[in-house]
Amino acid sequence: MPLIESVLGDIVREPLDAIVNAANSRLLGGGGVDGAIHRAAGPQLLAACRRLHGCATGDAKITPGFDLPARHVIHTVGPVWRGGNEGEPELLASCYRRSLEVAAENRVESIAFPAISTGVYGYPPNAAAEIAIATVREFAPASVNLVRFVCFDRPTAAVYAALVAA
């Protein structure tokens, strides 16, 4: 089981092996975490993402980190919240599981996740945090020794911190 921690911060500053991008299905940048990662990584990230030809909801793909302190960016597409009865919990869990699988395939030992789908996609933060932490605890490969949830605001950080400590 890896060390799992929650911090208040900016994911683009994380000097880990990989950071996870809460991307859209086209992988061509956007707002929120996605836009911040693309801006910080530089234009090479967009070029690398174009070669991936998009990503399905619940899946994950990897690129180099380019100008980021992280060596890799793992792009995953979270579900849009539609009330919870259209497969959203399973798709969100798949984002974390697939990101961890991609991490293991690429010898990633430390990884940072944002609060996937909780921004403009509208997933309730408490429910999203429960899924994120449960999935990481269940599926983290032995090769990953640190999983950090990097939360951009204090309320979200408090939710993750409480669940990590439980």
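## Ground rules

Helices (H or I, at least four residues) and strands (E, at least two) are DSSP runs, numbered from the N terminus. This is a predicted model, with local features needing pLDDT of at least 70 and side-chain atom pairs pLDDT 80 or more, while totals for chains, interfaces and linings use all residues. Residues count from 1 along each chain as its sequence is written, and side-chain values rest on heavy atoms, leaving out hydrogens and water.

## The sheet

Six strands make an open sheet in the order β1-β6-β5-β2-β4-β3, with mixed pairing (strands pair if DSSP finds at least two bridges between them). β1 (3-8) and β3 (60-64) sit at the edges with a single partner strand each, so one side of each has no neighbour in the sheet. Twist averages 25° from one strand to the next.

Further in, β2 and β5 (residues 110-113) run parallel over 2 bridges, and I19 stands opposite A112 in β5.

## Helices on the sheet

α4 (residues 125-139) packs on the sheet and touches β1, β5 and β6 (contact being heavy atoms within 4.5 Å), its direction making about 170° with that of β6. Axes here are lines fitted to C-alpha atoms, for helices over the stretch in contact, with angles from 0 to 180 degrees between N-to-C directions. α5 (residues 154-165) lies across β1 and β6, at about 160° to β1.

## The largest pocket

Its lining has 27 residues, with A22, G32, V33, D34 and G119 nearest the centre.

Terms used:
1 Å grid on protein atoms, 1.4 Å probe; cavity = no way out; pocket = protein on both sides within 12 Å on 5 of 7 lines; lining within 4 Å.
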